[in-house]
Amino acid sequence: MKIEGFADLLNPALKGKISFGDPVNSSSAFQSLVCMLYDLGNGDPFNTAAWDYVDKFLAQLNGKMANSSSQVFKGVAGGEYVVGLTWEDPAASLVKSGAPVAVVFPKEGALYAPQSVQVINKCKHPENAKKFIDYMLSEKIQNLVGTTLTVRPLRKDAKLADYMTPASKIKLAPKYDEKWVSDNKAKFTKTFSEHMEKSM
């Protein structure tokens, strides 16, 4: 079965076989919802076409929704579901451990969750903190992050393990505005809840 993006999730053969958390309570499910809305709305997450897709996707869930974020990827790894919408870290960990799963970034576009290393404002030892940041961002450490962990290194030139998808092969969702999404989270979750109730 071809599963390369959101459009493929509407395959009738997948009805009841997709694991998805509740975007109202799960940050990873919320990211997945926002991603599908940006992709299917062509950069406008409140486009009618985007929410029409959500209605069709909810019908595919067949009334089932995961109770926790971990239940999503564990359900797929355990064979209970064919596909699950989750974040990269646990999915890549499963691939790394040899589980019979694959990480698929939607061909319509994916979102990168923000990752950073920071100095606490007014910390007691700012110079040491800056040295630590320099160390964490060094080529040596970033190569270790990319080749031994399942999170993305912050340096573009860092090496990646073969269980991680190269950034060059990941298309990003169009016109994604992280701050705007954060400011409008309540609108997203309220609209999703309304569509969810309608699908029951």
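Trainee: Leaving aside its neighbours within four places in sequence, which residues is A92 in contact with?

Mentor: This is a predicted model, in which local features need pLDDT of at least 70 and side-chain atom pairs count only at pLDDT 80 or more, while totals for chains, interfaces and linings use all residues. Residues are numbered from 1 along each chain as its sequence is written, and side-chain values use heavy atoms, with hydrogens and water left out. A92 has its place in helix α4, helices being DSSP runs of H or I with at least four residues and strands runs of E with at least two, numbered from the N terminus. With contact meaning heavy atoms within 4.5 Å, and its neighbours within four places in sequence left aside, A92 is in contact with V103, T150, Y163 and M164.

Trainee: Is A92 buried or exposed?

Mentor: The terms rest on relative accessible area with a 1.4 Å probe and protein chains only: buried is under 20%, exposed is over 50%, and partly exposed lies in between. A92 has a relative accessible area of 1%, so the residue is buried.

Trainee: How far apart in space are A92 and V151, C-alpha to C-alpha?

Mentor: In sequence, 59 residues separate A92 and V151. In space, C-alpha to C-alpha, the distance between A92 and V151 is 8.3 Å.

Trainee: Which element do the buried residues of α6 pack against?

Mentor: Helix α6 covers residues 139-148, and its buried residues are I141, Q142, N143, V145 and G146. These buried residues of α6 pack against α5 (126-136).

Trainee: Which element gives the most to the lining of the largest pocket?

Mentor: A pocket here is an open set of points on a 1 Å grid over the protein atoms alone, where a 1.4 Å probe fits, with protein on both sides within 12 Å along at least five of seven lines, and lining residues have an atom within 4 Å of a point. The largest pocket is lined by 48 residues, with T86, W87, E88, V103 and F105 nearest its centre. The elements that give two or more residues to this lining are α1 (27-40), α3 (69-77), β2 (83-84) and α4 (88-96). With five residues, the element that gives the most is α1.

Trainee: How many helices and strands does the protein have?

Mentor: From the N terminus on, the elements run β-α-α-α-β-α-α-α-α-α. The secondary structure therefore comes, by the DSSP runs, to eight helices and two strands.
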